[in-house]
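Here are a few questions and answers to read alongside the model. Keep the structure open and follow along!

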Amino acid sequence: MAVSMSDVARHAGVSQRTVSNVVNNYVHVSPATRARVQASLDALGYRPNTAARRLRSGRTGTVTLAVPTFRERYFADLAEAVVSAARQRSTTVLVETTGGSHETELELLRGGGEILTDGVIMSAVSLGRTDQRSTHPVVLIGDREPGSAIDHVGIKNREAAQAAVTHLLDSGRRRILLLGANHGPRRSYQLRRQGYQAALKKYGIEPDPALVVECDWTTAAAADAVTALLAERALSTGRAGILAMDGIFAMNDSAALGAIRALVRAGIDVPGQVSVIGFDDIVEAGLSTPSLSTVAPLLDDIASMALDLLEEQLDEDHVPQHRMAGYELRVRESTNR
């Protein structure tokens, strides 16, 4: 038989309301009483009736996570972090993809699409600063234009990109290729390009437009772009051994892995001749040969912050928040000479 609050109240010698206050983490309980009730909860093995609590609160205990696609491994890693963080809160996550469609993202933002969950966490790529949510709780993940009035969790993309390029510069690289310019989410590539330029400027290096290469943020597109650049360089100099670059900063890990593939296929040593660093720290980054140095957004922190903001939106006095999660530079074989 399940243990009830009245059972706990009798065991602790307090009222059932006091037990309820402790279970629901209300503040108006003395530390000594809270400790006594918690001891009884633990001793009797009390488990909250989640279904009943949800009926009383009018909440479903589920949230929607919307991402553009799962073709990019980053979004799968993000989904795993959100699901894990939500599970710790006894919350279920329903996942769907938007395809990056502005119409679909706008519908989710405004609480449409027959949403039957308590809120939406969305990695949006097409929403603009003027797009506004309805009363349905929404948190956006990723980079946003300044001035947005929607709750948002991001990372310091410009700072992180600068750290990645500075790592290449500190290792002696001077002709650093920016791979994947003007593609991907607009705000993300803008900030990462600014970080690239800031790192070069700090070292007194003038950016070379020939070292800014446009391509999709996919392994295949990046491999083709680097292969084409190598072929062009060989034709212009007549010497395949003269390289246009000695380092590559790729806008994401998929592009970085494509660059490594093209370099190795051309007989170029990584990192002996060219160092490569990416962004996102997808699982494959640590499994490639050579393993890929990269910027790792702290996805667990992003997930927790997003869920916190959904909870806070239930407060009528909530003011939209913009929170920034941390990142780490993961140095591996692709830059470690």
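Q: How much space lies in the largest pocket?
A: Bear in mind that this is a predicted model. The lining of the largest pocket takes in 46 residues, and the closest to its centre are Glu-72, Phe-75, Gly-184, Pro-185 and Trp-217. The space in this pocket comes to about 970 Å³.

Q: What do the buried residues of H5 pack against?
A: H5 has 15 residues and reaches 21 Å from its first C-alpha to its last, close to the 21 Å expected. Its buried residues include Tyr-74, Phe-75, Leu-78 and Val-82. The buried residues of H5 pack against strand S1 (62–67), strand S2 (92–97), strand S3 (120–122), strand S4 (138–141), S10 and helix H11 (299–312).

Q: Is Ser-291 buried or exposed?
A: Ser-291 lies in the loop between strand S9 (275–279) and strand S10 (293–297). Its relative accessibility is 10%, and the cut-off for buried is under 20%. Ser-291 therefore counts as buried.

Q: How many Å apart in space are Ser-291 and Glu-333, C-alpha to C-alpha?
A: Ser-291 touches Ala-285, Gly-286, Arg-332, Glu-333 and Ser-334, leaving aside residues up to four places away in sequence. Ser-291 and Glu-333 are 42 residues apart in sequence. In space, their C-alpha atoms are separated by 5.1 Å.

Terms used:
Residues are numbered from 1 along each chain as its sequence is written. This is a predicted model: local features need pLDDT of at least 70, side-chain atom pairs count only at pLDDT 80 or more; totals for chains, interfaces and linings use all residues. Side-chain values use heavy atoms; hydrogens and water are left out. On a 1 Å grid over the protein atoms alone, a cavity is a set of points where a 1.4 Å probe fits but cannot get out, and a pocket is an open set with protein on both sides within 12 Å along at least five of seven lines; lining residues have an atom within 4 Å of a point. Grid points are joined across faces, edges and corners, and a volume is the space filled by probe spheres set on the points. Helices (H or I, at least four residues) and strands (E, at least two) are DSSP runs, numbered from the N terminus. Buried means under 20% relative accessible area, exposed over 50%, partly exposed in between (1.4 Å probe, protein chains only). Contact means heavy atoms within 4.5 Å. The expected span of a helix is 1.5 Å times one less than its number of residues.
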